[in-house]
Amino acid sequence: DGVSGVTFDRPGFHAVMDDVRSGAANCVVVKDLSRFGRDYIETGKYLEEIFPFMGVRFIAVNDNYDSMAEHSAADDVVLPFKNLVNDTYAKDISIKVRSSKAVKRRNGDFVGPFAAYGYCKDPENHNHLVVDPGAAEVVRRIYRLYEGGMGQIRIAKLLNQEGVPCPSEYKRLQGQRYSN
């Protein structure tokens with residue numbers, strides 16, 4: 001979850017391949033080919049070379065594909081074509097998402113997953129930021145200390161000594177699923 005199928009460098013895929021290499025699994029079952037991978041070349045390499053070499057059966061349920069079943073000449077065309085469509089679809093969606101975000105940014109909307117420290121997303125409109133009163137007071141104090149001649153490291157040490165949570169810890173304490 002949360003990792004694009006356009007890359008094979010994803011934890012779930014590595015876990016499956018670890019099981020295959022160790023002999024714990026000799027069959028890979030996926031909902032459909034797009035759930036296995038959306039990189040035309042890499043998907044084809046696994047289905048046509050790597051899995052057959054390793055003796056691994058591959059099943060894509062919704063695509064009605066089973067590597068151990070009888071295949072017709074049409075299957076030799078359909079399977080790569082489906083992989084090519086999945087690859088192209090992923091690239092098309094990526095372009096559309098980037099374009100949509102660019103339009104939102106031009107309109108002044110916030111498009112990031114998390115607001116900068118001192119702000120939070122408006123509960124009424126997640127593309128609008130509002131001042132976070134708790135964090136904003138800390139930000140104002142940091143500015144006053146800096147304007148008064150205190151350096152960044154001294155400010156950080158002072159805040160740490162006072163037990164002021166760092167921005168990532170503050171977000172976690174606020175219930176946000178933030179990771180940095």
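**Figure 1. A nonpolar patch on the surface of the predicted model.** Tyr40, Ile41, Phe81, Leu84 and Val85 form a nonpolar patch on the surface, and together they have about 470 Å² of accessible area. The structure shown here and in the following views is a predicted model. Two elements, H3 and helix H4 (73-106), each give two or more residues to the nonpolar patch. The most comes from H4, which gives three residues. Tyr40 is found in helix H3. With a relative accessible area of 31%, Tyr40 is partly exposed, because the partly exposed class lies between under 20% (buried) and over 50% (exposed).

**Figure 2. The largest nonpolar core.** This core has 16 residues, of which Val28, Phe36, Tyr46, Leu47, Phe51 and Phe58 touch the most other members. Two or more residues of this core come from each of helix H1 (11-22), strand E1 (27-30), helix H2 (33-36), helix H3 (40-54) and strand E2 (57-60).

**Figure 3. The surroundings of Phe58.** Which residues are in contact with Phe58, leaving aside its neighbours within four places in sequence? They are Val28, Val30, Leu33, Phe36, Leu47, Phe51, Tyr65, Asp66 and Ser67. A second, separate core of eight residues includes Val138, Met150, Ile155 and Val164.

**Figure 4. The salt bridge between Asp66 and Arg57.** The structure holds seven salt bridges. In one of them, the side chains of Asp66 and Arg57 meet at 2.3 Å, N to O. Side chains of opposite charge can pair when their charged atoms come close. Is Asp66 buried or exposed? Asp66 has a relative accessible area of 17% and is therefore buried, whereas Arg57, at 32% relative accessibility, counts as partly exposed. Asp66 is also among the residues in contact with Phe58.

Figure 5. The side chains of Lys45 and Glu42 meet in a salt bridge of 3.6 Å, N to O. Both residues lie in helix H3, where Lys45 and Glu42 are three residues apart, about one turn of the helix. Lys45 has a relative accessible area of 33% and is partly exposed. Glu42 also counts as partly exposed, at 24% relative accessibility.

**Figure 6. A network of salt bridges.** Glu137, Arg140 and Arg144 are linked in a network of salt bridges. Within this group, the side chains of Glu137 and Arg144 meet at 3.6 Å, N to O. Glu137 counts as partly exposed at 40% relative accessibility, and Arg144 counts as partly exposed at 48%.

Technical notes: Residues are numbered from 1 along each chain as its sequence is written. This is a predicted model: local features need pLDDT of at least 70, side-chain atom pairs count only at pLDDT 80 or more; totals for chains, interfaces and linings use all residues. Side-chain values use heavy atoms; hydrogens and water are left out. A nonpolar core is a set of buried Ala, Val, Leu, Ile, Met, Phe, Trp, Tyr and Cys residues joined through side-chain atoms within 4.5 Å. Buried means under 20% relative accessible area, exposed over 50%, partly exposed in between (1.4 Å probe, protein chains only). Helices (H or I, at least four residues) and strands (E, at least two) are DSSP runs, numbered from the N terminus. Contact means heavy atoms within 4.5 Å. Patches are made of residues with over 30% relative accessible area and no salt bridge: like charges are joined within 9 Å, nonpolar side chains (Val, Leu, Ile, Met, Phe, Trp, Tyr) within 5 Å. Accessible areas come from the Shrake-Rupley method with a 1.4 Å probe; for residues, only the protein chains shown count as cover. A salt bridge is a side-chain nitrogen of Lys or Arg within 4 Å of a carboxyl oxygen of Asp or Glu.
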